[in-house]
Amino acid sequence: MSDTLHRHLHRALETLPPAPLCVAFSGGPDSSALLHALAQLAPARLRGLRALHVDHGLHGDSRLWAEHCRAFCAALDIPCEVLPVQVQRGSGSGLEAAAREARHAALAARLREGELLLFAHHRDDQVETVLLKLLRGAGPEGLGGMRALRRFGRGQLWRPLLELPRQQLHDYVAAQGLACIDDPSNADIHLARNRLRHEILPRLLRFWPQAPDSILHSAALSRAAADTLRTQWLAAFDELHDASSGSLDAPGWLALAPALREPLLDHWLHALGRSAPTAAQRQQIERQCAARAGRLPCIRWDDTELHIWKGRLWALPTTIDIDDEWQADWHGEPLLLPGGGELALDDPAARLAQPLRVRLRRGGERIKPEGDAHTRELRDLFQQARMPPWRRACCPLIHAGDELVAVADRWVSGRGGELFRGVGAWPRWRVGR
């Protein structure tokens with residue numbers, strides 16, 4: 001059994017370039033078998049084999065588990081780094097998903113340039129993943145299951161054990177006498193994957209013992225279909241996406257076939273750091289794309305809100321409450337703004353002799369831009385400049401006394417021009433939303 005696992009990993013290593021190796025090490029049986037087996041292989045050690053353990057802090061023994069992982073690695077003479085994380089409860093996506101998000105973020109942050117991050121996912125995990133994706137209404141990309149190799153952080157995520165069953169890894173653990181962590185959450189059937197693993201799949205196998213083979217065969221076909229579709233929707237994405245604003249052409253997206261529309265939307269959202277919508281939310285987005293002119297549709301889920309404005313899709317973090325009475329004195333230093341933006345002078349060393357007052361929009365503001373013969377209402381300027389509505393409330397308005405002398409870095413009055421020319425620097429607004 002040990003030789004079988006060693007041979008499998010040795011062959012797998014030969015298929016990839018000689019990049020450094022890092023194992024995502026939970027201390028459970030699967031990752032313990034993977035890490036221990038790799039430690040026996042000289043080619044793996046020559047690649048600088050190391051381990052990362054994520055401490056989620058969700059169980060009272062999590063610190064003891066971290067110490068176990070350190071000791072396990074020390075016995076193998078393998079470096080091990082423990083990464084404590086804060087799991088966001090009540091995010092709406094569930095504790096399991098929140099823990100995975102925190103874990104992946106921590107691992108990506110610590111992965112080195114060009115390094116391979118190894119996960120111990122195996123054949124049984126793949127079967128469960130495909131079934132869960134099916135129950136959640138996934139398309140070909142989701143039904144294709146976990147990819148063996150994909151980009152991750154500054155390197156790549158690699159799953160070298162996807163062809164091996166769980167039992168083979170557990171037999172290895174028993175044969176080697178390895179001590180492993182028994183996380184009680186793995187038996188909690190309130191979690192979807194555990195319910196599928198402990199209750200649904202055993203019943204399914206009683207009547208369809210060939211089910212895993214059939215499921216994985218369908219997954220392979222779905223993966224091939226997804227890869228073929230990917231070339232098409234990536235080409236469409238290049239046409240529909242505006243890199244300067246990060247927005248997406250709404251009519252063009254809606255005109256795509258559903259098989260292209262869904263993965264393209266997910267790709268766009270994930271690139272912006274946003275989560276994907278549910279099937280019902282996708283349908284709502286499609287309906288709202290046809291909303292009549294003048295409306296400002298917004299579809300919200302989890303940490304994301306999707307706006308449809310001027311024929312384009314805009315994905316943003318969920319709105320935070322902004323105090324429109326907020327104000328601050330400003331000499332030109334970097335000033336953090338409500339909504340996550342920043343106001344600063346374009347010369348970091350420049351400072352105003354007298355402070356200006358920075359406020360947010362309250363309504364009715366007017367400014368006479370330098371070189372313009374007329375005083376303009378801010379509302380009209382925003383509309384003419386096609387500034388998105390959600391940015392207008394966060395736009396910093398710069399006052400000298402009661403006079404509005406600059407609207408962020410968009411419009412400057414005659415007096416504002418004199419003030420900024422006097423210090424040889426101009427306002428620059430970094431937009432938060």
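Which residues does Asp266 touch, not counting residues up to four places away in sequence? The contacts (heavy atoms within 4.5 Å) are with Ala276, Pro277 and Arg282. Asp266 itself sits in helix 12, residues 258–271, where helices are DSSP runs of H or I with at least four residues, numbered from the N terminus. With a relative accessible area of 16%, Asp266 is buried (under 20% relative accessible area, with exposed over 50% and partly exposed in between; 1.4 Å probe, protein chains only).

This is a predicted model, so local features need pLDDT of at least 70 and side-chain atom pairs count only at pLDDT 80 or more, while totals for chains, interfaces and linings use all residues. Residues are numbered from 1 along each chain as its sequence is written, and side-chain values use heavy atoms, with hydrogens and water left out.

Turning to helix packing, the axes of helix 6 (residues 123–135) and helix 9 (residues 192–207) come within 10 Å and cross at roughly 105°. Axes here are lines fitted to C-alpha atoms over the stretch in contact, and angles run from 0 to 180 degrees between N-to-C directions. The two helices are therefore roughly perpendicular to each other (65 to 115 degrees). Helix 6 brings Asp125, Val127, Glu128, Thr129, Leu131 and Leu132 to the contact, and helix 9 brings Ala192, Arg193, Leu196, Arg197 and Leu201.

As for the cysteines, the disulfide count (sulfur pairs within 2.5 Å) comes to zero. Cys73 is in no disulfide, its nearest cysteine sulfur, that of Cys80, being 3.9 Å away. Cys73 is buried at 0% relative accessibility. The sulfur of Cys289 is too far for a bond, because the closest cysteine sulfur, in Cys298, is 13 Å away.

Methods:
Angles under 35 degrees count as roughly parallel, over 145 as roughly antiparallel, 65 to 115 as roughly perpendicular and the rest as oblique.
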